[in-house]
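Colleague: I would like to learn how to read a model like this one. Can we take it feature by feature?

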Amino acid sequence: MAGTYSRSTQLLVIGGGPGGYMAAIRSGQLGRAALVVERQELGGECLNRGCIPSKALIHASLLYHTLRTEGAEVGVIATDPKFDLAQAMRWKEEVVGKERQGVAALLKSAGATVAQLCTVNGGTSGEERTPASTTTRTSTSPPAMVASFTMS
Ligand SMILES: Cc1cc2nc3c(=O)[nH]c(=O)nc-3n(C[C@H](O)[C@H](O)[C@H](O)COP(=O)(O)OP(=O)(O)OC[C@H]3O[C@@H](n4cnc5c(N)ncnc54)[C@H](O)[C@@H]3O)c2cc1C
């Protein structure tokens, strides 16, 4: 929502990776809508660079390898199969994009708000910035905080 406004939050989740988004979804299921602060892309290391893209590319390369090495033996004939790396990367990006939308939808249905930036002042108020808005959030008590990151 565009504009500046105030409202309370009880749970501040720093990081929208698997640790953060699962915490926010569970919190929503328990009746407490979370504010998730993710400075890059929802899904974190796993969805954007790790588990999902690596498994997508492994799947594509295994398919190619199996066709070349075992296809004829089991009766699957593909004449001179080629590995199109550019197309494999496009397909991988599509998979990642769909999964990212899935995470955003799950967070929305858990009542969570996603922001790119949040500053918390004294535990009683905070300001978040989303691409479309600047928001001031206040809380009568300090919000609980959860942070989850991959160490590199
Ligand atoms: C190549 C590779 C393959 C992997 N394969 C698997 C697998 O098959 N199975 C498996 O279980 N695990 C796998 N992993 C590990 C998995 O990616 C991590 O365990 C998982 O991503 C950790 O989740 P997380 O939410 O704790 O942290 P992250 O995924 O690192 O998410 C943290 C998020 O916090 C954000 N962030 C950081 N600092 C701030 C800040 N100050 N303000 C706002 N946002 C911030 C980051 O942008 C990031 O999106 C793999 C990892 C790699 C690198």
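Modeller: Begin with bends in helices. The bend at a residue is the angle between two fitted axes, one for the seven residues ending there and one for the seven starting there. This is a predicted model, and in it helix 3 has a kink of about 45° centred on arginine 68.

Colleague: Which residue has a positive phi although it is not a glycine?

Modeller: That is aspartate 80, with a phi of about 45°. Aspartate 80 sits in the loop between helix 3 and helix 4, the latter spanning 85–109.

Colleague: Is aspartate 80 buried or exposed?

Modeller: The general idea is to count neighbours: 20 or more other C-beta atoms within 10 Å make a residue buried, and 12 or fewer make it exposed. Aspartate 80 has 5 other C-beta atoms within 10 Å, so it is exposed. Valine 76 belongs to that loop between helix 3 and helix 4 too. Valine 76 is exposed because its count within 10 Å is 10 other C-beta atoms.

Colleague: Which residues does valine 76 touch?

Modeller: Leaving out residues up to four places away in sequence, valine 76 touches Leu67 and Gly71.

Colleague: Why is tyrosine 64 classed as partly exposed?

Modeller: Partly exposed is the class between the two cut-offs. Tyrosine 64 falls there because 16 other C-beta atoms lie within 10 Å. Tyrosine 64 is a residue of helix 3. With residues up to four places away in sequence not counted, tyrosine 64 touches Pro81 and Phe83. Between tyrosine 64 and proline 81 there are 17 residues along the chain, yet their C-alpha atoms are separated by 7.1 Å.

Colleague: How should I picture the way residues point along a helix?

Modeller: An α-helix has 3.6 residues a turn, so residues three or four places apart point the same way.

Colleague: How many helices and strands are in the protein chain?

Modeller: The protein chain has four helices and seven strands. Along the sequence their pattern is β-α-β-α-α-α-β-β-β-β-β.

Colleague: Which way do strand 1 and strand 2 run, parallel or antiparallel?

Modeller: Strand 1 (residues 11–14) and strand 2 (residues 34–37) run parallel and are joined by four bridges. Leucine 11 stands opposite alanine 34 of strand 2. To get from strand 1 to strand 2 the chain passes through helix 1, and this β-α-β crossover is right-handed.

Colleague: In which sense does strand 1 pair with strand 7?

Modeller: Strand 7 (residues 144–147) pairs with strand 1 in the parallel sense, over four bridges. Here the bridge partner of leucine 12 is methionine 145 in strand 7.

Colleague: What share of the protein chain counts as buried?

Modeller: Of its 152 residues, 22% count as buried. As for contacts between residues at least 6 apart in sequence, 65% join residues at least 24 apart.

Colleague: Which residues come nearest to the ligand?

Modeller: Of the 20 residues around the ligand, the nearest are Gly15, Gly17, Gly44, Gly50 and Thr150. Helix 1 (18–29), helix 2 (44–48) and helix 3 (51–74) each give two or more residues to this shell.

Definitions and conventions: Residues numbered from 1 in each chain as written. Predicted model: local features only at pLDDT ≥ 70, side-chain atom pairs only at ≥ 80, totals over all residues. Near = placed C-beta within 6 Å. Contact = placed C-beta atoms within 7 Å. Pairing = 2+ DSSP bridges. Right-handed = clockwise from strand over helix to strand, strands pointing away.
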